[in-house]
Amino acid sequence: MGKLYRKKNGFVEKTVGEEMVIVPLVDQVALMEKVFSLNEIGSIVYNALSQPKSLDQLLELILCEFEIDRETAHSDLEQFLNKAVDKGIIQEL
C-alpha cells in the first residue's frame, strides 16, 4: 500500500469561503504568525486525513471530486503532501 498520511494534532481549522485556514496551537495559544492556507483541493485532502490514507486513496478522492487528469492530479498531490509534511501539518506513518 505504501506510505500512509494523517493530520497532525495541535492545529485549529477554519473554512473561509473555499479556503481552509490552519493555525497551530501551543499550550492552547494560536500561533498566528504560522497560519497555513489551503485551497479547495488541499482542504479536501486535509479533511480526508482524519484517518490514515495512502497517496492512491487520496488520488482517487481528487479524481472523483474534480475534473482533472490523473497525471496532473498525481503530481499536484505529491507536491502538496511533501510540502504539508515539511510544514508539519500532516505526518507520514
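The largest nonpolar core of this structure has 21 residues, and those with the most contacts inside it are I22, V45, Y46, L77, L81, I89 and I90. The elements that give two or more residues to this core are β3 (19-26), β5 (36-38), α1, α2 (55-65) and α3 (70-87), and of these α3 gives the most, with 5 residues. The model described here is a predicted one.

**Y46 and the core**

- Y46, which is among the residues with the most contacts inside the largest nonpolar core, is in contact with K7, K8, F11, E13, M20, I22, L38, I89 and I90 once its neighbours within four places in sequence are left aside.

**S43 in helix α1**

- Helix α1, which spans residues 40-48, includes S43.
- S43 counts as buried because its relative accessibility is 9%, where the cut-off for buried is under 20%.
- If residues up to four places away in sequence are not counted, S43 touches E18, E19, M20 and L38.

- Strand β1, made up of residues 4-7, has a covered face with Y5 and K7 and an uncovered face with L4 and R6.
- In a regular strand the side chains alternate between the two faces of the sheet.

How values were computed:
Residues numbered from 1 in each chain as written. Predicted model: local features only at pLDDT ≥ 70, side-chain atom pairs only at ≥ 80, totals over all residues. Heavy atoms only, no water. Buried < 20%, exposed > 50% of the residue type's maximum accessible area, 1.4 Å probe, protein only. Helix = DSSP H or I, 4+ residues; strand = E, 2+ residues; numbered from the N terminus. Contact = heavy atoms within 4.5 Å. Core = buried A, V, L, I, M, F, W, Y, C linked by side-chain atoms within 4.5 Å.
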